[in-house]
Structures are given as structure tokens and as C-alpha cells.
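Here is a friendly walk through a structure that may be new to you. Please take a look at the sequence and the model first, and then read on.

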Amino acid sequence: MNSKIVVLAGDGIGPEIMDSGLKVLRAVEDTCGKTFKLEKFPFGGAGIDEAGASLPEETLAACQTADAILLGAIGGPKWEKMQDTPEKGLLALRKTLNLFANIRPVSVSSALLHLSPLKPEIIEGTDLIIVRELSSGIYFGEPRELTETMAFDTARYQKDEIERIIHSAFKIAQGRSKKVTSVDKANVLASSKLWRATAEEIAKEYPDCQLEHQYVDSAAMKLIQNPKAFDVIVTENLFGDILSDEASVLPGSLGVLPSASHSDGGPSLYEPIHGSAPDIAGKGIANPISMILSVAMMLRQSFQEEQAAQAIEKACDAVLSNGLFTHDLGGQASTAEFTDAVIQELKGA
Ligand code: NAI
Ligand code: MG
């Protein structure tokens, strides 16, 4: 049976990098010994423009029956002031599919050691995973209100929502260094006090692992001061969003970081951690690595195609080691040139 992948290219640089991701996917189909069935649907700004909604019903229905979902990126000034926005579509998709566990690996390829603004000796050997709670917290909490003189949001967490993401983090840690750093603001926020107490409780179920707590402000500092001190970082939605953009300074660009979002048994979604980059959209210069590595994560985690996933990761690394970089990393290569080079590497492998 063919595996069905729903493709949501989105808008901005989304379609440009999705094109790269799909070309690379096609290039490893032989390794996988199967053909993936790709079904493209409008979503985000493209959903609003083409189907009148950021998350059209047909798009959602297709996602619900997919084996996996690939998402490019969404958002931009064009839709900012509308009633429906691309971001609303993304939040609704995450909520409806119950995608609560967003896994964001951050490592630094030796080819990138001298491209980061941070010193090579600080970032060398960085290999951490940010486990971001994705379906609750202040991005979803009600009530919320915005008037001309007052505004508020609600940072709400149910205990079971915290429990399940902490479990996800410990399970990942068990296959790695067995260390979990839980990041919160428990000295100030009620939601963080519950978060910390729950993390302590769940930790008792993982006696082989170590749990430490850090406040988010100090964690933000330590993340770039000594990234090697971290292995698995687990945190709530807003903190995870901010810390992972910060973490992209370690490899040198937002354009190289992929992610996977999981629910309990439903289809998983794979997407870059960055947005639609309206400042460079349409120029053909976006870094496709974030999307290509998201494809690799999909092959590994949704389809158990470890060999193909590793081949893709190695090919990206080889292209970087050969000195080919897109503009975000200080190079001249276009999105298409970089993608073609990755495919050449895959063919040679
Ligand atoms: P952004 O992540 O789109 O861009 C931040 C900076 O990183 C920009 O200078 C951009 O050019 C650069 N950048 C990002 N990805 C890149 C890539 N692959 N190659 C080269 N450079 C890259 O964040 P920004 O500008 O704050 O937001 C733009 C829009 O994206 C907003 O509408 C925002 O709401 C939306 N957004 C969507 C997300 C998603 O689709 N999952 C996530 C984050 C933001
Ligand atoms: Mg973000």
C-alpha cells in the first residue's frame, strides 16, 4: 500500500523549500523501496487566497487521514489584518490533530562551525533536543482580549497536558544521555509552578534519568553560553518557541532546523522551525535544509526508513562540507542549486 503524505506548502518561502523537500524525497524512494503518494492542499495564506480559509475543511480532512503531513511555512503581512490569518490556521491544525509534542533537534555540523556568530569552541559538539509543548499554553488559553487600551492572554495548562509532554521528554532522554532540563518560570507564574511540580512527579517514573529545572531567563543565557550542558530540554509552548529560535544561532541559521510534531497515535507533522520569511520570499534564495531535514525526520519517525533518513542527513552535510552555502550562511547558492547538490550527493551515495 502506498503511504499517503499530505503536503501543505503554505506561503512565503514555504512552496520554495517544499519543492526542495519533495525532490529529495523522490530521490530516496528507491532506497525506501516504495513510492509515496503526495497530496497537495492549500493552507495558510494560500488557503485564504485559493479556498477562502486558512485551514479549509478539505485540507483538514486530508490531514486527518494522512500517514504523515509535510508543512512548509505560513504567514505574512498580506493577511495580517484579516479576520482569518495563516497563523490561526496553523494553531487550529495543531490543536485539532492534537499535535502536542514538538521535537526540535539542534546540532552543529562541523561544516558550520565557523559560520555561527558564536565561537567554534562553544558550539562544537552541540547536540540537543528541544521538546516544546505545542497544543496548549498562552497561544491557546482563553479568555483573551484586545482593546485599544487593554489586552490580556491566558497562560493555561491542565495537569494532564503537562504530564504527557514530560513523558515524551523522558522517553527521548532514555535513548540519549538520560538528562532532562525542564524550563519554566516557576518563581513567578502559576502555570509554571504546576509545570515544575508535575515534572517532579513524572520523573519518579524514570529513575534511570536525571531531571533538572531552570528558569527560562537563565536558560536563555546558558543555551548560548554553554550549549553542550543541555541534552533534552522540555518546556511550554511560548518558551519553546523563543528558545528554539535562539538555539538556531548555534548552527548559524534558522534555515537549517527541522521539527516533528506528534500526537497520541494520529498522523505526525513535519515542518521547519522557522516562518515564511517574507523578506526573502520569491527570490529563490531560502535555505532548504530545514525542510529537507524535516523530510528525513518524517522518513525516520513515521515510516521507519532510517537508512534513507541518514542518507539525506549525510548528503546535506557533505554539500555544506564542500563549501556550498545559501545566503543566510554567507554563501551564494540558490535554493535550487543547493537542492540539486544534495540530490547529486544522494545519487553518488
Ligand atoms: P521567520 O522565521 O519567517 O524569519 C526570521 C528571519 O530568518 C528572516 O530574516 C528570514 O529571512 C530568516 N529565515 C527564516 N527561514 C529561512 C530560511 N529557510 N532560509 C534563509 N533565511 C531564513 O520569522 P518572522 O519573519 O518573524 O515571521 C514571518 C512570518 O512567519 C510571520 O507571519 C509569522 O507569524 C510566521 N511564522 C510562521 C511559522 C510557521 O509557519 N510554522 C513559524 C514562525 C513564524
Ligand atoms: Mg517560532
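Two residues are in contact if their C-beta atoms, placed from the backbone, lie within 7 Å. Helices (H or I, at least four residues) and strands (E, at least two) are DSSP runs, numbered from the N terminus. With these terms in hand, we can start with a meeting of two helices: Ile17, Met18, Ser20, Gly21, Val24 and Leu25 of helix 1 are in contact with Ser290, Met291, Ile292, Ser294 and Val295 of helix 11. By class, this contact of helix 1 with helix 11 has seven nonpolar, four polar and no charged residues. Here Ala, Val, Leu, Ile, Met, Phe, Trp, Tyr, Cys and Pro count as nonpolar, Asp, Glu, Lys and Arg as charged, and the others, Gly among them, as polar.

A few notes on what you are looking at. This is a predicted model, in which local features need pLDDT of at least 70 and side-chain atom pairs count only at pLDDT 80 or more, while totals for chains, interfaces and linings use all residues. Residues are numbered from 1 along each chain as its sequence is written, and chains are lettered from A and ligands numbered from 1 in the order in which they are written.

**How the helices pack**

Two packed helices are described by the angle between their axes and the distance between the axes. The axes are lines fitted to C-alpha atoms, for helices over the stretch in contact, and angles run from 0 to 180 degrees between N-to-C directions. Angles under 35 degrees count as roughly parallel, over 145 as roughly antiparallel, 65 to 115 as roughly perpendicular and the rest as oblique.

| Helix pair | Axis distance | Angle |
|---|---|---|
| Helix 1 (residues 14-27) and helix 11 | within 8 Å | roughly 40 degrees |
| Helix 11 (residues 289-301) and helix 12 (residues 306-321) | within 7 Å | roughly 160 degrees |
| Helix 1 and helix 13 (residues 335-348) | 10 Å | about 10 degrees |

Take the pairs in turn. The axes of helix 1 and helix 11 cross at roughly 40 degrees, which makes helix 1 oblique to helix 11. Their crossing is right-handed. A crossing is left-handed if the near helix is turned anticlockwise from the far one by less than a right angle, and right-handed if clockwise.

The axes of helix 11 and helix 12 cross at roughly 160 degrees, so helix 11 is roughly antiparallel to helix 12. This time the crossing is left-handed. On the side of helix 11, the contact is formed by Ile289, Ile292, Leu293, Val295, Ala296, Leu299 and Arg300, and helix 12 brings Glu306, Ala308, Ala309, Ile312, Glu313 and Cys316. Sorted by class, those residues are 10 nonpolar, no polar and three charged.

Helix 1 also packs against helix 13 at an angle of about 10 degrees, so the two are roughly parallel. Glu16, Ile17, Ser20, Lys23, Val24 and Ala27 of helix 1 meet Thr335, Thr339, Val342, Ile343 and Leu346 of helix 13. This contact divides into six nonpolar, three polar and two charged residues.

**Two residues up close**

Is Ala308 buried or exposed? Ala308, which lies in helix 12, is buried because 24 other C-beta atoms lie within 10 Å. A residue is buried if 20 or more other C-beta atoms lie within 10 Å of its own, exposed if 12 or fewer, and partly exposed in between, with C-beta atoms placed from the backbone. Leaving aside neighbours within four places in sequence, Ala308 is in contact with Val28, Thr31, Cys32 and Leu299. The C-alpha atoms of Ala308 and Leu346 are 38 residues apart along the chain and separated by 9.5 Å.

Lys40 belongs to strand 2 (residues 36-40) and is partly exposed, with 17 other C-beta atoms within 10 Å. Not counting residues up to four places away in sequence, Lys40 touches Val7 and Ala9.

**Backbone features in the loops**

Most residues other than glycine have a negative phi, and most peptide bonds are trans. Asn98, however, has a positive phi of about 60 degrees; Asn98 sits in the loop between helix 5 (86-96) and strand 4 (101-107). Ala277 also has a positive phi, near 40 degrees, and is found in the loop between strand 12 (268-272) and helix 11. With 23 C-beta neighbours inside 10 Å, Ala277 counts as buried. A cis peptide bond, with omega about 0 degrees, joins Glu142 and Pro143.
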